[in-house]
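Let's take a walk through this protein together, with the structure open beside the text.

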Amino acid sequence: MISFSVSEINNILKGELIGNTNQIIEGAEELKKANNNQISFIGSPKYSKVWSDSKACAALVCPKSIIEPGDNRAFIRVKNVDLAMAEILSLFKPSTPVFDIDIHPTAVIHESATIGKGCKIGPNCYVGKDVELGKDVVLYPNVCVFDETIIGEGTVVWSGTVIRERCVIGSHCIFHINVSIGADGFGYRPSDDGRGLVKIPQIGNVIIGNHVEIGANSCVDRAKFSSTIIGDGCKIDNLVQVAHNSVMGRSCIMAGHSGLAGSVTLGDGVMIGGSASIKDHTTIHSGATVAAGSGVMNDVEAGKTVLGYPAQDARAMLKEWAVIRKLVKNQ
């Protein structure tokens, strides 16, 4: 079992140790559930009152914290509690599933495919014609990678994921269970005789940058022409839809159940809250935030926060809601 003294953890975090404890730390847990061999965190002064009832032997605290740790307990004061806790969680992170064989005999790999050094390919995977896998790519069981797709080094693809033909995936990405990359975009038009719908061919592909993480059961559709693009460092939650020809800049975040319609453009660092919907051909400029449950119908300025359905400036929308609440109470 991995364990550390509080001094060892403080040295790793380069924080300020307040108090001390002789307990050996064997894991991390939230304040209310922690035992005396675990470290926790107090991210805000408002949670300080919970410390006295917690069994944790140590906690990370923010610079504003003024409480004392108590007997045989310790605080580590750090600049950013969330980032420091992420570092601690990495220390105690369990190992991922082990491959007994690097390339399982039940995997079907086309003879023209290029498999980089150190790749691991699990049972029942399919790797198609002219696929290129960079070094140390991991395909867990039941992954399909279709023809002419390129995957960069160190990318991890979890079970059930399907990557369609001609997609380009960057390095050090993570695709969680049942991700769909490169399915046809949703393109139909009424037929001339009015008796049905004509499917518009989707002949483009998907290009995904480096260090992108995509959550379980999320979909990124191929473009009608050219490419659907996910920029470097983007993080996409579970059950998210990115439609054909959308373009996401660098380090964007999309929370669960949100979706981009066709040809949406996001600048760098855009944040989309859960269950938010973005209308087709809309541009959300860099640094903007779309609050959860909002419906964006028009372009959003850089750095702006919008809220509501249809989405408007967040402050203006909150004022409107306050006025409506007053009117209702006065009736």
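T149 is buried, with a relative accessible area of 0%. Keep in mind as you look around that this is a predicted model. You will find T149 in the loop between strand 12 (144-145) and strand 13 (150-151). What does T149 touch, leaving aside its neighbours within four places in sequence? Its contacts are D130, V131, E132, I163, R164, E165, R166 and C167. With C167, 18 residues apart along the chain, the C-alpha separation is 4.8 Å.

Two of those contacts lead on to the charged side chains. E165 and R164 meet in a salt bridge, at 2.8 Å from N to O. E165 counts as partly exposed at 22% relative accessibility, and R164 is partly exposed as well, with a relative accessible area of 25%. R250 forms another salt bridge, with D268, and here the closest N and O atoms are 3.0 Å apart. R250 sits in the loop between strand 27 (247-248) and strand 28 (253-254), D268 in the loop between strand 30 (265-266) and strand 31 (271-272), so this pair ties together parts that are 18 residues apart in sequence. Salt bridges that share partners also join R164, E165, D184, K199 and R222 into one network.

The structure holds 8 salt bridges. One of them links the side chains of E16 and R77, at 3.5 Å from N to O. Because E16 lies in strand 1 (residues 16-19) and R77 in strand 5 (residues 74-77), the pair ties together parts that are 61 residues apart in sequence.

Now for the nonpolar side chains. The largest nonpolar core has 47 residues, and those with the most contacts inside it are L139, F175, I181, I208, M248 and I284. Not counting residues up to four places away in sequence, I208 touches V168, I169, G170, C173, F175, I181, I214 and I230. A second, separate core of 18 residues includes I39, A58, I76 and V81.

On the surface, L318, W321, I324 and V328 form a nonpolar patch with about 390 Å² of accessible area together. V328 belongs to helix 3 (residues 314-330) and counts as exposed, at 53% relative accessibility.

Finally, look at the cysteines: the structure holds 0 disulfides. For C144, the nearest cysteine sulfur is that of C125, 7.6 Å away. C252 itself counts as buried, at 0% relative accessibility, whereas C144 counts as partly exposed at 23%.

Note on methods: Residues numbered from 1 in each chain as written. Predicted model: local features only at pLDDT ≥ 70, side-chain atom pairs only at ≥ 80, totals over all residues. Heavy atoms only, no water. Core = buried A, V, L, I, M, F, W, Y, C linked by side-chain atoms within 4.5 Å. Buried < 20%, exposed > 50% of the residue type's maximum accessible area, 1.4 Å probe, protein only. Contact = heavy atoms within 4.5 Å. Patch = residues over 30% accessible without salt bridge, like charges linked within 9 Å, V, L, I, M, F, W, Y side chains within 5 Å. Areas by Shrake-Rupley, 256 points an atom, 1.4 Å probe, with all protein chains shown as cover. Salt bridge = Lys/Arg side-chain N within 4 Å of Asp/Glu carboxyl O. Helix = DSSP H or I, 4+ residues; strand = E, 2+ residues; numbered from the N terminus. Disulfide = S-S within 2.5 Å.
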